Amino acid sequence: MDCLFCKIVAGEIPSHKVYEDENVYAFLDIYPCAEGHTIVLPKKHFEKFTDMGEEDAATLFASVNKIAKIVGDTLELEGMNIGINNGEIAGQTVAHVHVHIIPRRAGDGEGNMHTIVELHPPTDNLAELAEKLRKSF
Ligand code: 5GP
Ligand code: ZN
């Protein structure tokens, strides 16, 4: 398969590996947002997070939890952003699901999840919206 991240997992394209086990591969982002910006991906190819089953997603996030703690402790971070650009519209550029671990440090810009999209739509329909979502499970 012509997938950049599958090739990195297979060792066909070099990467600065941070961690590997039977399910996941973690390496340093080549264009880091911050020092220590780490990418964690499942070895199994899925295009998007929402293409994964719950079991594979749980396995991925168990590893993300482990890796984030080690990265945080080792680099002596006070915090980090952990997230996924899920789909092109959300900024995903590599079509193999991956989780970003982005170290945060004082004075680094101070953005957070709330600054990705700042439409601030009306909130008078929250009950209706929640009801619609609940009914879909
Ligand atoms: P996305 O934008 O899809 O969420 O994230 C893709 C990430 O992969 C980007 O942060 C980008 O810098 C990183 N990236 C793209 N190509 C390579 C590569 O060849 N090697 C590594 N280590 N990272 C890459
Ligand atoms: Zn892939």
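Is His100 buried or exposed? Select it and see: His100 is buried, with a relative accessible area of 13% (buried means under 20%, exposed over 50%, partly exposed in between, with a 1.4 Å probe and protein chains only).

A word on what is loaded: this is a predicted model, where local features need pLDDT of at least 70 and side-chain atom pairs count only at pLDDT 80 or more, while totals for chains, interfaces and linings use all residues. Residues are numbered from 1 along each chain as its sequence is written, chains are lettered from A and ligands numbered from 1 in the order written, and side-chain values use heavy atoms, leaving out hydrogens and water.

Stay on His100, which sits in strand 5 (residues 99–104) (strands are DSSP runs of E with at least two residues, helices runs of H or I with at least four, numbered from the N terminus). Its side chain makes a polar contact of 2.8 Å with that of His37 (a pair of N or O atoms within 3.5 Å; within protein, one must be able to donate a hydrogen and the other to accept it, and residues adjacent in sequence count only if both atoms are side-chain atoms).

Next, pick ligand 1. A polar side-chain atom of His100 lies 2.8 Å from one of the ligand's oxygen atoms. For Asp29, a polar side-chain atom is 2.3 Å from an oxygen atom of ligand 1, and for Val94 a backbone N or O atom is 3.0 Å from an oxygen atom of ligand 1.

Finally, colour helix 1 (4–9) and strand 2 (24–28), the elements that give two or more residues to the shell around ligand 1. Helix 1 gives the most, with three residues.
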